[in-house]
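Subject: Structure handover

Hello,

Here is the structure you asked for. Please open it alongside this note. My findings follow below.

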Amino acid sequence: MKGKLKGIYKDLLKEYGHQGWWPVSGVADKNSSDDLIQRGYHRKDYSIPKDRSQVFEICAGAVLTQNTSWKNAEAALNNLKQCGILSPKGILSSDSGVLCEAIRPARYFNQKSVYLRAFSDFFINSENSLDPGRDDLLSVKGVGKETADAMLLYAYFKPVFVIDAYTRRMFGFIGMIDPKAPYDIIQEMFQKALKPDIAIYQEYHALIVEHGKYFYSKKPYGKGDYILERYL
DNA sequence: ATCCAGGCGTTAT
DNA sequence: ATAACGCATGGA
């Protein structure tokens, strides 16, 4: 059980390399010729150097990318930044029309504008308290289990395993889980099999998304999962 | 033109 | 409890 998940992790890491999630702006090295660095990835960096503003940006991105390509979510983040409202106070004080227009590329802009304001309010009210717990995040409108866990793992550095649609399809494919099982059941399977290692949890989820894009999209780029098929 | 991407809240079985 | 539905952009 444990060896299997760890084996898959190693295979994916070998195939795709370090993903460097979560992407954030503001750490880009303009002098670098490395495309990943210029796009704002913190490659191989799992320490906690992030200031409040980057923590917020990760959380905002987590909301914006719900059922949406990261590319579109990133466009929304760039728009917010361009408008000078990529901050809790900025979002709360922004005109609704301006906010909606800025995040338009991320789809569902009416809903997500409300979600971003709700999270901004939560973020400000938890400024000088301890890190939020899962239940705290789940109480915010627009923050469901996957989003809450992504925030905890990538913004707050808590060892929680993120379960997304790709995770269900991939590990359902090799028979390790029931794809339609409840979120917490699937998450429990991963967390019982893997030690609570933040760096590995961050990397594993990123690798699942990368691999999933190729073989487990509804319109896969690749034709046969040569990596996971040996775990059948 | 059609299909889908790093879900969530609400409403109906 | 769990399934169905609305949301509503940009790229392939």
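I start with the pocket. The largest pocket is lined by 34 residues. T68, S69, W70, V209 and K213 lie nearest its centre. Its volume is about 1,200 Å³. The elements giving two or more residues to this lining are α4, α9 (145-155), α10 (165-173) and α12 (198-215). α12 provides the largest share, five residues. By class, the lining holds 13 nonpolar, ten polar and eleven charged residues.

Some terms for that paragraph. Pockets are found on a 1 Å grid over the protein atoms alone: a pocket is an open set of points where a 1.4 Å probe fits, with protein on both sides within 12 Å along at least five of seven lines. Lining residues have an atom within 4 Å of a point. Grid points are joined across faces, edges and corners, and the volume is the space filled by probe spheres set on the points. Helices (H or I, at least four residues) and strands (E, at least two) are DSSP runs numbered from the N terminus. Nonpolar means Ala, Val, Leu, Ile, Met, Phe, Trp, Tyr, Cys and Pro; charged means Asp, Glu, Lys and Arg; the others, Gly among them, are polar.

How to read the model: it is predicted, local features need pLDDT of at least 70, side-chain atom pairs count only at pLDDT 80 or more, and totals for chains, interfaces and linings use all residues. Residues are numbered from 1 along each chain as its sequence is written, chains are lettered from A and ligands numbered from 1 in the order written, and side-chain values use heavy atoms, with hydrogens and water left out.

Next, DNA strand B. It has 25 residues around it (a heavy atom within 4 Å). W22, R107, G142, T147 and Y166 come nearest.

- The side chain of Y166 has an N or O atom 2.6 Å from a phosphate oxygen of DNA strand B.
- A backbone N or O atom of N67 is 3.0 Å from a sugar or linking oxygen of DNA strand B.
- A polar backbone atom of E146 is 3.4 Å from a phosphate oxygen of DNA strand B.

α9 gives the largest share of this surface, three residues. The surface has ten nonpolar, nine polar and six charged residues.

Now DNA strand C. The residues around it are K71, N72, R104, P105, R107, Y108, F109, N110, Q111 and K219. N72 has a polar side-chain atom 3.1 Å from a base oxygen of DNA strand C. R107 has a side-chain N or O atom 3.4 Å from a base nitrogen of DNA strand C. α7 (109-125) gives the most to this surface, with three residues. The classes here are three nonpolar, three polar and four charged.

Last, the fold. Chain A has twelve helices and zero strands. In helix α11 (residues 183-193), the buried residues are Y183, I186, Q187, M189, F190 and A193. Seen down the axis of α11, they fall within an arc of 150°, so they line one face of the helix. That arc is taken from the directions from the helix axis to the C-beta atoms.

Best wishes

Technical notes
Polar contact = N/O pair within 3.5 Å; in protein donor to acceptor, adjacent residues only side chain to side chain. Buried < 20%, exposed > 50% of the residue type's maximum accessible area, 1.4 Å probe, protein only.
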